Amino acid sequence: MDFEKERARVLAEMLAEKETVLRMGLIGQPGAGKSSLINRLLGRELFPVGVHTDTTTGARQEKYNDLEIVDLPGYGTGRFPMESWVAEFRPQELDMYIFVFDGKLHDSDGEMFRLLARWQRERQHPYFIVRNKCDDIWEPGRSEAELRQEIAADVTSRLGDPAAPVYFTSCKTGEGIDRLKEAIRTEDRLGVKRSKIIESFRAESVEELKEKQQLAARAVNNYALIGAANGINPIPGVDISVDAGVIRKMLGKIRAIYNIDSEEMSKYEVLAPLLKKVTSFFSEDAVLSLIRTFASEELAKSAGKYVPFLGMSLAAGAGYLMTKKIGDGYSQDCYRLMNGYLEEVCRRQG
């Protein structure tokens, strides 16, 4: 494989990925728990809870990694009839939608459903209908199963699609969150933007963690190739073509993929040694020290047997190998840290 052609391909891919943002719309009834739901999906407090968009005249926007979340105000009101709401906030330009409700549906909700179905059909923009706060579904003399069936039937009749799923969730108990996350993560209509969901949602299972591991491995390989090509050997005593800035960006990208939350993980004493190791490479000096540690004579020798691309020099090959070893090792540490965190969370809950 030609080194320069592969480098150009990867660089173009990385630039395109950097410019790609997945825009998610939060739509639905005020007070239904939209903020709590998205915070639960992400595994962090991105939106303040208890702020109702029915009292505002604009959309709230927050960005996390390459995920842009737009919490839209209420529609079908005197201030915002549906047509005016669509014209002002242009929700049809978003990539996907989560519609959240916790009470009776209204005629305007049915109108909204029909719009969502049309945008999915015409623009391949998926939507997810969520009945949140499902732990409070209750009515005297009727079973919960019967009530849920009635709610789902009301949704599907307004959608005109009897097979459309309705996701019942509770941010209080965690019920239904995994099912909703799985549906979003595996939604084919999102195409290449699916990776933005996998990266941004906090892993809560080994399966989700392995998806992040695959994303990290791809990132490591790309950064290693770019770093080797860009290497200008700025580090005294290191006779290898390597780019310290690229390595630092790579470590930051890996941390972002695994959603390392130092504040949250510091609550678990057993994770302290690994957490310290993972978070110790934030500064430029720490990265340079890491490079010097890896830039051993044995590494340089092994690179002579490992020049993966036609046209790659020995120095660049050694830089590629070093960057990849650093990235793979760091990804493994992040994986172990997150896996340990999941185990501790399960242990305390169980």
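Both F99 and F113 are buried, where buried denotes a relative accessible area under 20%, exposed over 50% and partly exposed in between (1.4 Å probe, protein chains only). The structure is a predicted model, in which local features need pLDDT of at least 70 and side-chain atom pairs count only at pLDDT 80 or more, whereas totals for chains, interfaces and linings use all residues. Residues are numbered from 1 along each chain as its sequence is written, and side-chain values use heavy atoms, with hydrogens and water left out.

The secondary structure of the protein chain comprises 14 helices and six strands; these are DSSP runs numbered from the N terminus, with helices (H or I) of at least four residues and strands (E) of at least two. Of the 350 residues of the chain, 50% count as buried. The accessible surface of the protein chain amounts to about 16900 Å², and carbon and sulfur atoms contribute 50% of that area. Accessible areas were computed by the Shrake-Rupley method with a 1.4 Å probe, and for residues only the protein chains shown count as cover. Among contacts with a separation of 6 or more in the protein chain, 68% are between residues 24 or more positions apart, a contact being heavy atoms within 4.5 Å.

Eight aromatic pairs are present in the structure. Rings of Phe, Tyr and Trp (its six-membered ring) pair if their centres lie within 6.5 Å; planes under 30 degrees apart count as stacked, over 60 as edge-to-face and the rest as tilted. One of these pairs, F80 with F89, is edge-to-face, at 5.2 Å centre to centre and 65° between the planes. F80 is buried at 6% relative accessibility, and F89 is buried at 16%. The pair of F99 and F113 is likewise edge-to-face, because the ring centres are 4.8 Å apart and the planes lie at 75°. Since F99 belongs to strand β4 (residues 96–101) and F113 to helix α4, this pair ties together parts that are 14 residues apart in sequence. Ring pairs also join Y75, F80, W85 and F89 into a cluster.

The largest nonpolar core contains 47 residues, of which M250, L251, Y258, I260, M265, I326 and L337 touch the most other members. Such a core is a set of buried Ala, Val, Leu, Ile, Met, Phe, Trp, Tyr and Cys residues joined through side-chain atoms within 4.5 Å. At least two residues of this core come from each of α1 (3–19), α8 (206–230), α9 (244–258), α11 (272–278), α12 (284–294) and α14. Helix α14 supplies the largest share, eleven residues. When residues up to four places away in sequence are not counted, M265 touches N259, I260, L271, L275, L337, M338 and Y341. Another core, of 31 residues, lies apart from the largest one and includes F101, W119, L159 and V166.

A search of the whole structure identifies 33 salt bridges, each defined as a side-chain nitrogen of Lys or Arg within 4 Å of a carboxyl oxygen of Asp or Glu. In helix α4 (residues 107–123), E122 and R118 lie four residues apart, about one turn of the helix, and their side chains meet in a salt bridge (3.8 Å, N to O). E122 is exposed, with a relative accessible area of 54%, while R118 is partly exposed at 37%. Helix α5 (residues 144–159) holds R148 and E144, also four residues apart, about one turn of the helix; their side chains form a salt bridge of 2.7 Å, N to O. R148 counts as buried at 17% relative accessibility, whereas E144 is partly exposed at 39%. In helix α14 (residues 314–349), R347 and E344 are three residues apart, about one turn of the helix, and the closest N and O atoms of their salt bridge are 2.8 Å apart. Here R347 is exposed, with a relative accessible area of 55%, and E344 is buried at 14%.

Salt bridges also link R9, E13, E17, E199, R218 and K253 in a network. The side chain of E13 makes a polar contact with the side chain of N222 (3.3 Å). A polar contact is a pair of N or O atoms within 3.5 Å; within protein, one must be able to donate a hydrogen and the other to accept it, and residues adjacent in sequence count only if both atoms are side-chain atoms. N222 lies in helix α8 and is buried, with a relative accessible area of 6%. Not counting residues up to four places away in sequence, N222 touches V10, E13 and M14.
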